[in-house]
Amino acid sequence: MAEKFKLGFIGAGFIARFQAVALRMVRDAELAGVCALKGAEELAAFAKETGVGDCKVFPNIAELCNHCDAVAVFVPNYVRLDIIGAVVDAVKKGANLKGIICEKPLGRTVAEAKEIVRLGQDAGVPTAYFENQIHMKTVKAALKQLERVQRAMGPLSLVRSSEEHGGPHEPWFWDPTRQGGGVLSDMACHSIAVNWFALTPPEKPINFMKPVAVNAETALLKWGQPVYRKQLLERTGVDYAKTPAEDFATGIVTFQNPETGQKVKGQFTNSWMFDKQGLRLYMDGLGPGYAFEINSLRSPLEIFIADAAAEAVANAEQALEKATATRGLLPVQPNEADLYGYVDELEDAVASFRAGRDAKLTWEYGCEITKLCQAAYMSAERKKTIDLTDPEVQKELDHYTSLIAQGKGAEVLL
Ligand SMILES: NC(=O)c1ccc[n+]([C@@H]2O[C@H](COP(=O)([O-])OP(=O)(O)OC[C@H]3O[C@@H](n4cnc5c(N)ncnc54)[C@H](O)[C@@H]3O)[C@@H](O)[C@H]2O)c1
């Protein structure tokens, strides 16, 4: 049996922990090291206890890179560029990395995403852009099942995706100047990507369908209300009276098939004001004579907890990511790391890096997703459809930072 592939994590927060859980289900890889400002010792201990790997804590990125086959960048968006710069420096100084992984969103602006792509090319190392929803087993199974139907009847013409929950865990997500915006930057990147993927005809490359237009709206529906604004300020230090971000975004990306000319639509809806049982990923697709639907809140397991029993415990997140209730009827997903696609995206990255090639989703692909998200901000700000076939628009997007990300969200949201 081949030696285990040694992964190193930079960052030890929410997603690093989730990925460590997922790594337990990846056969030939281990968590060999971690480097983070906070949480590294705890993550290393968790990895050892659960058999994910003999994980060591490294004091800096260079040393981590020298001890791993590949590293995954799981740090907040506002330090992403510096951290990837440090990884690339380590490679140039001799670290023998076979791959670098970067979480979504690749950049907070197109300029930042392009710089990350340039850094990856400069390092000359294969890359993986982590967009877990494309790797979801349910998404892959739906498309596999419909492969022959699509050929017989014609392709899917409308896919609708949404990711929604009640709001992120860490203060930096809420601060549009550090995060890059609100829920559109944070979560529409998932839904736009999964729409594009599902709308791609069987066996065509991931970027085969050409995005030609984007129309979107952003709004602040819950967290701008005085009572919730106050709660948010107390909890996170972010003041939505001064620097608001959107807690709701919706829009349509139109794609065109370059061979047939057919136009199809991907509709996205994302919110941080979804006060239901917990995180919900919802996707549905419609083609002539067929359809699919995925709803991550549907589980074969439901648990009921009455008020009297709930008083004894307060363990909502044991049932589901971002769960907000401890009583009533709770859907429970016993294997969220697999359900959301983290296991499959890790497997793909490890297998690709072992073979000396990019993962299924590259940083160049991630940059295209950043561009679609930024075009959505532009559309919402200008209240018009953005024509992606116009070379002037493409040039403008290269230098565009949304008003919300500039801290001027009051001009669009309030
Ligand atoms: N794919 C998904 O479903 C998903 C889910 C959550 C987060 N994410 C992405 O993952 C990234 C991290 O999010 P998170 O929720 O884990 O954040 P987090 O705040 O929970 O954790 C961030 C980690 O990075 C560390 N860190 C911060 N600055 C650092 C620096 N300069 N050097 C080294 N370590 C540093 C922190 O100490 C912490 O350990 C974000 O880009 C986010 O968009 C993706």
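How many bridges join strand E1 to strand E2, and in which direction do the two strands run?

## Basis of the model

This is a predicted model, in which local features need pLDDT of at least 70 and side-chain atom pairs count only at pLDDT 80 or more, while totals for chains, interfaces and linings use all residues. Residues are numbered from 1 along each chain as its sequence is written.

## The sheet

Strand E1 (residues 5–10) and strand E2 (residues 29–35) run parallel and are joined by six bridges; helices (H or I, at least four residues) and strands (E, at least two) are DSSP runs, numbered from the N terminus. Within this pairing, Phe9 stands opposite Val34 of E2, and Gly8 has Gly33 as its bridge partner in E2.

E1 and E2 belong to an open sheet of six strands, with parallel pairing and the order E3-E2-E1-E4-E5-E6, where two strands pair if DSSP finds at least two bridges between them. Strand E3 (56–57) and strand E6 (127–130) stand at the edges, and because each has a single partner strand, one side of each is left without a neighbour in the sheet. E1 is mostly covered, with five of its six residues buried (a residue is buried if 20 or more other C-beta atoms, placed from the backbone, lie within 10 Å of its own).

## The ligand shell

The ligand is surrounded by 22 residues, the closest being Gly11, Gly13, Phe14, Leu37 and Lys38; a residue counts as near if its C-beta atom, placed from the backbone, lies within 6 Å of the molecule. Helix H1 (residues 14–23) gives the largest share of this shell, three residues. By class, the shell has 13 nonpolar, five polar and four charged residues, where Ala, Val, Leu, Ile, Met, Phe, Trp, Tyr, Cys and Pro count as nonpolar, Asp, Glu, Lys and Arg as charged, and the others, Gly among them, as polar.

## Two packed helices

Helix H5 (residues 110–123) packs with helix H15 (residues 363–382) at an angle of about 175 degrees, their axes 9 Å apart; axes are lines fitted to C-alpha atoms, for helices over the stretch in contact, and angles run from 0 to 180 degrees between N-to-C directions. That angle makes H5 roughly antiparallel to H15, a term for angles over 145 degrees.

The contact (C-beta atoms, placed from the backbone, within 7 Å) involves residues including Val110 and Ala113 of H5 and Trp363 and Glu364 of H15. Its residues divide into six nonpolar, four polar and three charged.

Note on methods: Parallel < 35°, antiparallel > 145°, perpendicular 65-115°, else oblique. Contact = placed C-beta atoms within 7 Å. Buried ≥ 20, exposed ≤ 12 C-beta atoms within 10 Å, placed from the backbone.
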